[in-house]
Amino acid sequence: MHSIHKLGESFWYITPVSLTDRPILGMVAGSKKTLMIDAGNSEEHVNYFLNELNNRGISTPDLVVLTHWHWDHIFGLSALSDTVSIASKETKEEMEKLIPFSWSDEAIDARVKEGVEIEFCAKAIKEEYKNHRNIIITLPDITLENRAEIDLGGVTCIVQHVGGDHAADSVIVYIKEEKILFLGDCIYPRMYAEKVHYTISETLRVLDLLETFDAETYIPSHQQPMAKEDFALEVAMLRTIAKYTEECNGEHPEIVKKYEDYVKRKLTEDELDTISDFVNGF
């Protein structure tokens with residue numbers, strides 16, 4: 001299921017689980033304070049992580065940063081009642097909209113029909129919450145406009161609003177001394193839409209912003225951590241497909257041909273999906 005790993009001197013993380021859409025959760029342990037990144041998709045998710053870290057001598061977090069408002073990153077916040085929570089102002093506003101919702105199967109299915117919820121998330125919520133649905137939307141204690149710098153004692157976290165197609169409220173966390181950039185979902189396409197999509201302008205803007213950080217390790221929430229070289233390949237793919245989407249006026253077969261000529265091989269499923277997402281957003 002999960003495994004716990006340590007990177008550098010101060011960063012711990014739990015691996016993601018695709019079936020229930022559990023993202024990576026991070027913990028930065030300074031000499032004075034500990035900071036958790038994201039609050040998970042359930043109290044069980046959070047508590048498992050905290051118990052495993054406790055066994056390794058890491059204390060309960062003093063602070064938690066939410067990367068964005070989607071359910072899998074916030075539903076576990078109710079388990080962190082003694083932890084000060086931080087999010088962008090936009091994240092809090094989006095979370096407030098969830099407070100009146102019922103989480104029964106019937107209510108979730110109705111929201112999918114209305115286009116408020118998406119089928120992928122509906123299935124994952126039902127899978128994560130098989131035994132109970134006491135979901136409590138807990139709002140963040142502190143909101144930030146753009147950027148905050150947090151000194152944990154010997155290690156510094158920079159929380160920066162980046163936005164992006166996936167969620168306009170997205171923030172990233174840069175762990176300065178470790179050169180780790182926790183991306184959340186900011187490089188993923190928009191899911192809450194009629195069609196999953198990337199837009200050229202937003203993708204390039206976010207990539208430009210991410211490249212201003214001097215990082216050696218990148219952590220996207222639903223994959224494995226990436227070395228600088230691997231992240232550079234991901235960025236190159238997104239930039240190149242964005243360029244061809246514009247050049248080909250969003251024509252799918254032409255983009256596929258151009259990209260195949262460029263890489264001199266048949267395209268992977270991931271590359272084909274990415275092309276479709278750019279075409280949908282064109």
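A residue is called buried when its relative accessible area is under 20%, exposed when it is over 50%, and partly exposed in between, with a 1.4 Å probe and protein chains only. Lys-264 is exposed by this rule, with a relative accessible area of 72%.

This is a predicted model, in which local features need pLDDT of at least 70 and side-chain atom pairs count only at pLDDT 80 or more, while totals for chains, interfaces and linings use all residues. Residues are numbered from 1 along each chain as its sequence is written, and side-chain values use heavy atoms, with hydrogens and water left out.

## The chain as a whole

The protein chain has nine helices and 13 strands. Helices (H or I, at least four residues) and strands (E, at least two) are DSSP runs, numbered from the N terminus. A compact globule of 282 residues would have a radius of gyration near 19 Å, and the protein chain agrees with this, at 19 Å. That radius is taken over C-alpha atoms, and the globule rule is 2.2 Å times the number of residues to the power 0.38. Along the principal axes, the C-alpha atoms fill a box of roughly 55 × 45 × 35 Å.

Of the 282 residues in the protein chain, 53% are buried. Among contacts (heavy atoms within 4.5 Å) with a separation of 6 or more, 61% are between residues 24 or more positions apart. The accessible surface of the protein chain comes to about 12,900 Å², and carbon and sulfur atoms hold 49% of that surface. Accessible areas come from the Shrake-Rupley method with a 1.4 Å probe; for residues, only the protein chains shown count as cover.

The protein chain has 28 positive and 50 negative charges, and their mean positions are 2 Å apart. In this count Lys and Arg are positive and Asp and Glu negative, while His and the chain ends are not counted. Each charge is placed at NZ of Lys, CZ of Arg, CG of Asp or CD of Glu.

## Two residues with positive phi

Most residues other than glycine have a negative phi. Asp-38 is not a glycine, yet has a positive phi of about 75 degrees. Asp-38 sits in the loop between strand 4 (34-37) and helix 1 (43-55), and is buried, with a relative accessible area of 0%. Lys-264 also has a positive phi, of about 60 degrees, and is not a glycine either. The loop that holds Lys-264 runs between helix 8 (252-263) and helix 9 (269-281).

## Two buried residues

His-45 lies in helix 1 and is buried, with a relative accessible area of 0%. Apart from neighbours within four places in sequence, His-45 is in contact with His-2, Ile-14, Arg-22, Pro-23, Leu-25 and Gly-40. From His-45 to Ala-168 the separation is 123 residues in sequence and 25 Å in space, C-alpha to C-alpha.

Asp-169 belongs to the loop between strand 9 (156-161) and strand 10 (171-175). Asp-169 is buried yet has no salt bridge, and the nearest side chain of opposite charge, Arg-190, is 7.8 Å away. Beyond four places in sequence, the contacts of Asp-169 include Thr-67, His-68, Trp-69 and His-161.

## Salt bridges

Side chains of opposite charge can pair when their charged atoms come close. A salt bridge is a side-chain nitrogen of Lys or Arg within 4 Å of a carboxyl oxygen of Asp or Glu. By this rule the model has 15 salt bridges, and the table lists some of them.

| Salt bridge | Closest N and O atoms |
|---|---|
| Glu-52 and Arg-56 | 3.0 Å |
| Asp-208 and Arg-239 | 2.7 Å |
| Arg-239 and Glu-211 | 2.9 Å |

Asp-208, Glu-211 and Arg-239 are linked in a network of salt bridges.

What is the relative accessibility of Asp-208? Asp-208 counts as partly exposed, at 41%. Glu-211 is partly exposed at 46% relative accessibility, and Arg-239 is partly exposed with a relative accessible area of 26%.
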